[in-house]
Each structure stands twice: as C-alpha cells, then as structure tokens.
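Please read it beside the model.

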Amino acid sequence: MNVEAKLGDVVKKQMASTSKGAVPVTVAFGDGIGPEIMNASLKVLISAGADIAIEPIEIGEQVYLAGNSAGITADAWDSLRRTKVFYKAPITTPQGGGFKSLNVTVRKSLGLFANVRPCNAYMPFIASKHPGMDVVVVRENEEDLYAGIEHRQTDEVYQCLKLISRPGSEKICRYAFEYAKAYGRKKVTCFTKDNIMKLTDGLFHKVFDEVAAEYPDIESEHWIIDIGAAKLADTPDAFDVVVMPNLYGDVLSDVAAQIAGSVGLAPSANIGAHCAMFEAIHGSAPRRAGQDVANPSGLLLAGVMMMAHLGRTEVAERVHNAWLKTIEDGIHTYDIFKEGVSQQKVGTDAFADAVVERLGQKPAELPAARYGDDAKPFMIPEPTQRPAARKELVGVDIFVHSAEPLAELAESMQRAANGLMKLEMITNRGVKVWPEGLPETFCTDHWRCRYVAKQGQVFNKAMIVELQKSLAFSGVDFIKTEHLFTFDGEPGYSLGQGQ
Ligand code: NAD
C-alpha cells in the first residue's frame, strides 16, 4: 500500500484545503493498524481545530523491504528536517537480520534527547493496579549503553560501552524540571545506580543535584534504581516526574505504563532542540490490521502532546477532555472493554467519532485535563560550557586476552614494563586477582592490567607506546588500552574491586 492509499477522507480533505497559517507536520501512517489509528486520530485533531498542514511520508516495512536498511528514505528526511515535527504511527520491522531500528535512527539523527511518557490510571473506567497513578517518566534518549558501541574482545568476553556525558545529563535533567514547571508538577525524582557506577551514574546524579538547585520551588530526590523501581511498581503515588538514563528509562517507562493499566493508551514524545516526534508506545499489531478494531487512544494522546508542544494548548485541552469523557461514558474498544463497566464496544472509527461528538465536554469524575498558560512550549538552554579541567596522565590499563595461568601472565606483564613503570594490579571482570587474589574468584580469558608511574616518576604517553611495543614483541595479545587520567587532581577511573 503506498502513502496515498493510506490517507482517509478527512485527511485528504484537510490536505486539499490547508490554510495559509497551518503548522506543517510530517505524518507517517505506518504499518499494520497504523493507517487506521492515524486516520482516526487526525480526524479528532482536525475536528477540534488543529490547523496543521499534513506532509505524508512512507517509512517502515515497505521501505525496509525495498532494500533500505534504515526504513526511511531521503525524501522523508527532507520533510522531517523542514517541518521539524513528526507524528508517527507504529511500523512493522520485518523479521530477520540487517534492519536497523527506525526509532533509534530518527531519535539519534534528529537529536531527540528526551523521551517523555505520561503514565496514567483511569479508574474505575479502565482497570488498574494503581487507581490514582499519574507519573511522567522522562528518559534520556541518546547515550548510555544505547550508544551502540560494542566489541567482542576475547573468546569469552564481549563489551558494550556505557557513555554518560555532562551536557547530555544536564539537558535531560533540566528538561525534567522545565517539564515539571510547565505542567504544574511538584516533584522530580532521579533514578541511578551510582552506588556501583560511581563515575557514569555518579555524574548523572551529580548533574541532577546541580540542576535541581536552580528550581527551589520543585521538590527533588534521588533513589538508587533497584529500590526506586520496586517502589515505583508498588507505590507509584509516591512519584510525580521521574528522570533517568536511557536503559533504565527504557525498561521502567514500559513498567510504569503497564502498571497504570494502559499500555495500549500510553503516548510518548521524543523531544530535541530542533525537532520532536510523537507516537503511541505500542507496535503495529499486524494481527489486528484492517479490521477497524484497534484502539487509537495512544496515538491520539500523542497527538494531544504534539498540539501542546506546538503551543496549541486549547486544542490539546479540548481533545484530551473529550477523550476522557468518552472513556468515562464507557465507549470502549475491544482491548479495554469490560462487561459491567463499559457501555458500548466500538471499532477504531466509531471511537474517533465518539470523541468528536464530545469535543467541548469535560469528564465528570476523572480529573479534567488542564493546559494552563505555563504549558506553552518551552525549550531548554544550551548546556553550560565549563572550563577544561587540568588533565594529567597517571597510568594505563592494558586489557589482555590470555588463557595462560595468572602467575605466568603477571610475570610477562611485569617483564614488558622493562622497569619503566609499575604493574599495580591485574583484575578479571573488575575483581582484583593479582597481587593477593582469592583462589575462589572465577576468571575468564579477559584481564585488565593496570600500570602506574614508579615512585617519584611522571607518566607520559611515550611510555605507553614503549609498553605496547614490548608487549607486541613478546607476543602478548593486548586488545585494548585505556588511559588513566586525573581531572583537577580527581581520579577519572575506578579502583579495582577488592583493591
Ligand atoms: P504490539 O504492540 O504491536 O502488539 C502487542 C499486543 O497488543 C497485541 O496483542 C496487539 O494486538 C495489542 N495491541 C497493540 N496495540 C493495540 C491497539 N492500539 N489496540 C488494540 N490492541 C493493540 O507489539 P508486537 O506484536 O510485539 O509488535 C508488532 C510489530 O510492531 C513488530 O514488527 C514490532 O517491531 C513493531 N513495533 C513498532 C513500534 C513502533 O513503531 N514504535 C513499537 C513496538 C513494536
């Protein structure tokens, strides 16, 4: 099916009569249930007065199968870079290898650093484990383990690099506080694992505290991710806005949406300094495609976030409240329909019509949506430029692939130093095993050998080159070198476990 064939009547009419001041929006109708729920969502938004100029693009399954491994064409990029606003239906990623995640490509290429996912319960109209749940998860979207830098280094060991940057952390923490300010939220909580990852997660936590100090009217707190996640799943009422690095956010935003009872209803926004993308969190549900049964709510609520982002808060509020009233009136699609609670089971299009009929109404029991003056679009400033630190080289970690006994490895590594520097320790998967390791420690074929300057000597890069030469000549299979620096006198590396 080409793009033209995916456009519904309301969308075609809107495209034929777009007003001069309409805001251009790039729209992907997606795969599976995508076209149905996108047409339904646009019907509601347009009926509510969303003055948007729709630029349809084709992405996803057909583009992948046509041999484009990224799932997106050059024309689609042109449209995105022109409109800077992307309203995206779910796509199908074909099975089998070689296809890159379109979402990750779009997020990273357009610098969409913030993933915002509101998770709400709609009790008693939709069952939920946590009736009053109203949490917004703000996930860092560009770095952490998702930098995608992985290497196989030995027969037994693979590595994935976790990169956390100060500007990246500052952008996302500031975004969380600005979001809280704009939407009248009272508290921002940070989750990290900085008791273990003292440098990477430690930086995220530190920057969170620095940014929090600039927002004295908003409460701030930090939880270690494990107990924080347990608390979030058990007592989500204790949280308001929660900000965290990429991987934790990926996992916990799904947990939060699921326990709210509304994975099929949850929207998400991906926000960058120049562009933004809005979508439902669910996939293309291919088995439900073409039957007019899918629930368009997640995508519609993503459209509400988009209207707020564009500063059309009046449209956002009208649609959001009409949607809440529809849910409250028991007009439900099959996925949330429950005998005794729901009044009428409807399909995708009829659900959209029910929301359109209720435009201008507010819910009677559920809290009405309010997009006050503060909810106008906000942007965060460029991250703070800091003076470069005084950086000193103090040693080197040489990583080695070796199956020989530890004592022999230690001897070869000491010999290679040629008296130029001191072999301080050897660790295996982070645990110190030489000198004075424990025989119980399980070891792999991946060793980290740390060299530092000898007493009274200064370390320099030429010494590392000499060491590498000597290792190469003696046949040691070194696989990676990591320099040890201090920054303004503070070590920029962690100690070995047990050191
Ligand atoms: P899915 O979210 O499509 O479906 C999971 C279950 O939820 C299915 O039972 C489905 O019928 C149901 N469901 C999902 N959305 C629904 C809706 N709006 N109304 C009613 N029921 C709904 O997940 P999946 O089956 O794992 O993935 C299917 C395809 O979607 C895959 O190709 C996957 O790669 C893709 N996917 C795309 C995105 C995206 O584009 N953002 C996200 C997730 C998955």
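The points below concern the aromatic rings and the ligand.

1. The model is predicted: local features need pLDDT of at least 70, side-chain atom pairs count only at pLDDT 80 or more, and totals for chains, interfaces and linings use all residues. Residues are numbered from 1 along each chain as its sequence is written, and side-chain values use heavy atoms, with hydrogens and water left out.

2. Rings of Phe, Tyr and Trp (its six-membered ring) pair if their centres lie within 6.5 Å; planes under 30 degrees apart count as stacked, over 60 as edge-to-face and the rest as tilted. The count comes to eleven aromatic pairs. Phe113 and Tyr175 form an edge-to-face pair, because their ring centres are 6.0 Å apart and their planes stand at 85°. Ring pairs also link Phe113, Tyr175, Tyr179, Tyr183 and Tyr371 into a cluster.

3. Phe113 and Tyr175 are both buried, that is, under 20% relative accessible area (1.4 Å probe, protein chains only).

4. The charged end of Lys391 sits over the ring of Phe485, 4.2 Å from its centre. Here NZ of Lys or CZ of Arg must be within 6 Å of the ring centre and within 35 degrees of the ring normal. Lys480 likewise has its charged end over the ring of Phe399, 5.4 Å from the centre.

5. Around the ligand are 18 residues, the closest being Gly283, Ser284, Ala285, Asn295 and Tyr334; a residue counts if one of its heavy atoms lies within 4 Å. A nitrogen atom of the ligand is 2.8 Å from an N or O atom in the side chain of Tyr334.

Methods: Buried < 20%, exposed > 50% of the residue type's maximum accessible area, 1.4 Å probe, protein only. Polar contact = N/O pair within 3.5 Å; in protein donor to acceptor, adjacent residues only side chain to side chain.
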